[in-house]
Amino acid sequence: MENNFIDFVSIQLTKNSKEALYVQLYNQLCEYIKLGRLAPGYLLPPVRKFAAFLNINAGTVVSAYKELEKNGYIFSRSGSGSYVAESNTSIDEEQPLEINDRKIDDPETLSPFDSAMINMSSISLNPDIVSVEKFKQVLIEVLDRDQGYAFSYQESQGFYPLRESIAAHFNKSGVKTTPDTVQIISGAQQGIDIVARALLNYGDYVFTERPTYPGAIDAFRSRGAKIIDINLEVDGIDIDDLEKKLRQFRPKLIYVMPNIQNPTGISYSIAKRNRLMGLARYYNVFILEDDYISDLSYSKDVLAPLKALDRDDRVIYLKSFSKIFMPGLRLAFLTMPKVFAAKLLNVKHLSDISTSGLTQRAFDLYLRQGIWQKHLAEIKQTYQIQFEFTLQAIAKYLPKDVHFIKPNGGLSIWFTLPQNVSAKSIMEVAFQNGVLLTEGSPFFPRQTSDQHIRISFATIRLQEITAGMQIIGKAIETQL
């Protein structure tokens with residue numbers, strides 16, 4: 001027996017079964033992959049040799065391989081063969097996204113040796129504008145007040161005084177919540193993961209925007225969920241596309257970012273928010289609202305969260321403080337609908353028992369003493385200057401046929417390049433000239449055209465914005 005087939009000796013196909021042979025082969029190969037018997041990167045046997053070994057038609061193997069690839073278990077390379085995919089628990093309706101080696105939204109993207117680079121990739125808060133002195137004062141106050149208790153474990157749901165402060169703070173913006181429905185978590189990514197683990201089972205459908213946050217894609221795929229992406233328009237989610245797919249798929253969860261969506265910067269209109277809520281009620285589906293960065297809105301008309309429209313406890317509101325507090329102090333919260341509050345609590349406890357007690361106590365004082373509002377006002381003033389300067393640089397240095405939607409706020413801008421311009425190529429040229437960008441393809445649940453990049457102004461100076469835009473503009477012009 002050839003060594004190539006030792007791993008497949010236990011495959012049993014029944015030719016007189018009601019189940020098609022290719023389905024039998026597909027199911028058994030799926031099981032091999034799920035159990036780890038075929039590791040990521042494993043090269044599957046060539047079609048004809050595998051068919052001969054199994055004594056079946058080559059077309060049966062081709063059909064099984066196609067189904068495996070469609071559902072994200074394997075991928076093919078022209079002239080090389082079919083390999084077990086890295087994310088072998090993902091179950092999408094089409095091909096899975098190509099793995100991108102660059103981390104998205106990672107504050108440590110640059111090593112200390114890259115300090116000369118213009119980092120237009122990171123969307124973490126610039127450490128230079130963080131008030132360390134104010135934080136130091138708050139920590140001293142917490143330590144003087146609470147002594148050693150400041151370092152003790154909190155209850156898994158979170159430090160109760162902080163939950164009180166959060167409830168009071170967000171009730172002002174129309175988000176009706178109480179300390180009992182607030183769950184403190186260690187950053188937004190943990191929140192998405194907790195919701196995925198509490199709500200989703202293998203094969204459930206999840207709707208996301210197209211494009212969307214890659215961390216959410218990974219969390220849903222880790223549960224074996226089927227991701228269906230819904231198109232975005234300039235004023236929010238495409239309602240016609242959403243309603244058509246709701247009728248077809250009946251999802252367990254809809255994941256959205258109605259305020260300053262990541263990565264596009266789009267904000268939903270009031271009309272679309274109301275339609276989304278109406279459809280969610282009609283089709284009895286829960287919504288996970290990720291309030292990514294609405295605190296950094298530069299518009300005079302700031303819309304309340306979608307949760308403010310929730311009348312039947314179906315919106316799980318996820319709010320991160322890390323992005324504009326101190327990114328390394330992982331802190332966020334989510335609201336818990338009563339129907340699965342206990343399950344969310346249990347998943348949180350299994351995840352990390354509790355979020356840092358010292359961080360929670362410090363942030364409680366930030367809210368109670370009004371320091372948080374002053375902090376927001378200061379960084380908004382700084383970043384609004386950065387934002388407006390970036391828009392001026394775009395108008396001056398980028399070709400006119402580079403498309404973008406002006407966001408209401410945030411720390412980045414999403415670009416759609418002309419049809420004949422490659423984002424990968426632009427990124428490579430920019431990198432060679434000392435500019436680090438974020439490629440757009442990881443933001444799509446499925447494969448997309450090589451046309452999108454995201455540019456951030458979060459950690460760079462005004463002169464670096466000018467220099468970076470000049471380099472990007474020249475790189476694009478060479479491909480037009």
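# Briefing on a predicted 480-residue model

Of the 480 residues of the protein, 54% count as buried. The model is predicted. It contains 14 helices and 16 strands. The radius of gyration is 24 Å, close to the 23 Å that the globule rule gives for 480 residues, so the protein is as compact as a globular protein of that length.

**Overall dimensions and surface**

- The C-alpha trace spans about 75 × 55 × 45 Å along the principal axes of the protein.
- The accessible surface comes to about 21,500 Å², and carbon and sulfur atoms account for 51% of that surface.
- Among contacts with a separation of 6 or more, 73% are between residues 24 or more positions apart.

- Eight strands form an open sheet in the order 4-11-10-9-8-5-6-7, and their pairing is mixed.
- Strand 4 (182-185) and strand 7 (236-237) are the edge strands, each of them pairing on one side only.
- In general, the strands of a sheet pair through backbone hydrogen bonds, in either a parallel or an antiparallel arrangement.
- Strand 8 (residues 253-256) and strand 9 (residues 286-291) run parallel and are joined by four bridges.
- Val256 has Glu289, in strand 9, as its bridge partner.
- Helix 9 (residues 270-282) lies across strand 6 (226-233), strand 7, strand 8, strand 9 and strand 10 (315-320). Relative to strand 9, helix 9 runs at about 145 degrees.

**Asp295, in the loop between strand 9 and strand 10**

- Asp295 has a relative accessibility of 18%, and because the limit for a buried residue is under 20%, Asp295 counts as buried.
- The side chain of Asp295 makes a polar contact of 2.7 Å with the side chain of Lys319.
- Apart from neighbours within four places in sequence, Asp295 is in contact with Lys319, Ile324, Trp372, Leu376 and Lys380.

**Leu68, in helix 3**

- Helix 3 covers residues 58-70 and includes Leu68.
- Leu68 has a relative accessible area of 0% and is therefore buried.
- Residues up to four places away in sequence aside, Leu68 touches Tyr26, Leu29, Cys30, Tyr73 and Ile74.
- Asp193 is 125 residues from Leu68 along the chain, and the C-alpha atoms of these two residues are separated by 25 Å.

**Cis peptide bonds and positive phi values**

- Most peptide bonds are trans, and most residues other than glycine have a negative phi.
- The peptide bond between Arg210 and Pro211 is cis, with omega about 5 degrees. Pro211 sits in the loop between strand 5 (205-210) and helix 7 (214-222).
- A cis peptide bond also runs from Asn262 to Pro263, where omega is near 20 degrees. Pro263 belongs to the loop between strand 8 and helix 9.
- Asn55 is not a glycine, yet its phi is positive, near 60 degrees. The loop between helix 2 (47-54) and helix 3 holds Asn55, which is exposed at a relative accessible area of 55%.
- Asp313, also not a glycine, has a positive phi of about 60 degrees. Its place is in the loop between strand 9 and strand 10, and with a relative accessible area of 31% Asp313 is partly exposed.

Definitions and conventions
Residues are numbered from 1 along each chain as its sequence is written. This is a predicted model: local features need pLDDT of at least 70, side-chain atom pairs count only at pLDDT 80 or more; totals for chains, interfaces and linings use all residues. Side-chain values use heavy atoms; hydrogens and water are left out. Two strands pair if DSSP finds at least two bridges between them. Helices (H or I, at least four residues) and strands (E, at least two) are DSSP runs, numbered from the N terminus. Contact means heavy atoms within 4.5 Å. Axes are lines fitted to C-alpha atoms, for helices over the stretch in contact, and angles run from 0 to 180 degrees between N-to-C directions. The radius of gyration is taken over C-alpha atoms; the globule rule is 2.2 Å times the number of residues to the power 0.38. Buried means under 20% relative accessible area, exposed over 50%, partly exposed in between (1.4 Å probe, protein chains only). Accessible areas come from the Shrake-Rupley method with a 1.4 Å probe; for residues, only the protein chains shown count as cover. A polar contact is a pair of N or O atoms within 3.5 Å; within protein, one must be able to donate a hydrogen and the other to accept it, and residues adjacent in sequence count only if both atoms are side-chain atoms.
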